[in-house]
Amino acid sequence: MSQQGEKPAAHEDDWWQALYDETAPDTGPSSAPDSLDARFDSVSDAVGGTEPEPVEGPEEDDHPATVVPLPDPRLPEAGPVPEPRRLPRTVAVGRAPWEAPAGPRRPQTFAVRPPPPPPEPPAAPPPERPTVGHIGDRPPTYDAEPAALPESGPDSLDELVPDTVLDGARHGTYTLRAASVRGDSARFRGEPRRDALLTARFGDGDGALVLVAVAGGGRGDGHDRPAAADACRWIGGAVARSHARLSDDIRAGRRGDLKSGLHRLTDRTYGKLRARAAELGLEPSAYTTGLRCLLLPADPECRTRVFFGIGPGGVLRLRDGAWQDLDPVLPATGGAADEQGPDGDRLTMDLQITTPPPPRAGSAPPPAEPFRFRASVARPGDTLLLCGNGLAEPMRGEPALAGELARRWSAGRPPGLPAYLADIQLRTKGYADDRTGAAVWEA
């Protein structure tokens with residue numbers, strides 16, 4: 001009975017008992033699909049409704065409904081109730097979030113994170129930088145890099161020289177590399193580089209002439225550095241004024257004329273050094289230097305290489321992987337002599353002019369050391385090395401240094417400037433003076 005005291009109809013009581021029957025299973029989670037359609041069918045079964053027949057139509061969530069006519073109490077009974085007419089009812093049912101969409105499956109579009117870009121290929125390792133190595137089981141005492149700068153003042157700034165000078169060129173059939181480096185001892189003590197280096201070209205075309213001059217000695221009292229620079233500058237000026245004649249003599253093979261002419265030019269240079277010593281109030285021996293020079297014609301048809309100079313140093317040739325010392329050794333007595341070089345290479349020395357002509361009245365006496373001259377013919381693959389005393393001594397006294405440079409320079413291709421500089425600085429224990437050298441690679 002309802003709260004109003006009315007007796008419920010039979011079909012209402014059945015509906016109530018179907019919903020709240022204690023013997024009915026719990027309404028907890030079930031394995032049956034839980035959808036709006038399933039709930040509609042469950043309610044229809046509970047109230048005893050007639051299962052609707054499906055109505056053909058589009059494949060959507062539309063279901064036919066059964067209309068059950070009820071007697072109107074206001075109207076008299078009019079006989080048997082006719083069979084109810086089934087009318088289609090369209091129920092638009094929304095889809096729950098957990099349900100799969102109805103209808104045919106369509107391609108789904110998802111926001112997909114793009115794949116990461118492929119890793120960049122590893123960068124090529126930088127080319128190996130030339131490094132200054134050493135010969136022997138341990139390095140020399142001094143550091144390989146410069147330490148203290150030379151002391152200077154307001155009146156001596158024009159006398160400053162850089163720690164290192166590096167130059168190079170290519171003419172005719174040869175490639176030139178030249179460098180002058182302050183020695184380990186001078187770098188440590190803050191002393192200036194005493195060696196001087198000059199590389200210059202005079203003229204143009206096939207008649208051009210290249211001069212390489214190396215000047216220096218050992219450790220002195222400070223005057224040898226200006227003397228070395230003066231010697232390079234003065235011999236350079238003398239060759240520049242005579243370069244056309246010298247170039248013709250070299251290409252024509254007039255070695256006697258070359259010998260006497262270069263001897264005069266060198267003697268004038270040393271005469272200027274002695275005059276400069278007198279101006280400074282110094283003894284001639286206090287303002288002097290060793291001087292070594294190479295003359296290299298630019299004509300590719302001429303392979304004659306001319307060496308001349310005075311004082312310590314060296315000229316060596318690397319041929320077929322072995323070093324040959326080409327520094328002329330003069331006999332104690334005069335006389336004519338032609339030196340026969342290695343492998344039959346004719347290296348001419350005109351010793352009839354070993355002693356320069358008698359000096360004019362009032363001129364300075366000739367230098368104490370003899371004049372050295374040598375002209376040789378280069379071969380493809382040769383390497384000619386002109387060096388100051390600071391490089392000549394370890395080249396002659398340390399076989400490991402000569403062997404290492406022979407290995408590096410026998411590849412046939414001349415090194416670049418940085419590599420050549422590292423080669424010249426190859427350190428050897430016991431040799432700490434300036435390193436100056438000019439090398440010529442023959443193609």
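**Reading the salt bridges**

Author: Start with one pair. Aspartate 327 forms a salt bridge with arginine 372, and their closest N and O atoms are 3.9 Å apart. This is a predicted model.

Reader: Which parts of the chain does the pair link?

Author: The pair links distant parts of the chain, 45 residues apart. Aspartate 327 is in the loop between strand E9 (322-325) and strand E10 (339-340), while arginine 372 is in strand E12 (residues 372-377).

Reader: Are aspartate 327 and arginine 372 buried or exposed?

Author: Both aspartate 327 and arginine 372 are buried. The two also belong to a network of salt bridges that links Arg292, Asp325, Asp327, Arg372 and Arg396.

Reader: What about arginine 305 and glutamate 442?

Author: Arginine 305 forms a salt bridge with glutamate 442, with 2.8 Å between the closest N and O atoms. This pair, too, links distant parts of the chain: arginine 305 is in strand E7 (residues 304-310) and glutamate 442 in strand E15 (residues 435-442), 137 residues apart. Arginine 305 and glutamate 442 are both buried.

Reader: Where do glutamate 279 and arginine 276 lie?

Author: Both lie in helix H6 (residues 255-279), 3 residues apart, which is about one turn of the helix. Glutamate 279 forms a salt bridge with arginine 276, the closest N and O atoms being 2.9 Å apart.

Reader: Why does glutamate 279 count as exposed?

Author: Glutamate 279 counts as exposed because its relative accessibility is 58%, and the cut-off is over 50%. Arginine 276, at 32%, counts as partly exposed.

Reader: How many salt bridges does the structure hold?

Author: The structure holds 20 salt bridges.

Key
Residues are numbered from 1 along each chain as its sequence is written. This is a predicted model: local features need pLDDT of at least 70, side-chain atom pairs count only at pLDDT 80 or more; totals for chains, interfaces and linings use all residues. Side-chain values use heavy atoms; hydrogens and water are left out. A salt bridge is a side-chain nitrogen of Lys or Arg within 4 Å of a carboxyl oxygen of Asp or Glu. Helices (H or I, at least four residues) and strands (E, at least two) are DSSP runs, numbered from the N terminus. Buried means under 20% relative accessible area, exposed over 50%, partly exposed in between (1.4 Å probe, protein chains only).
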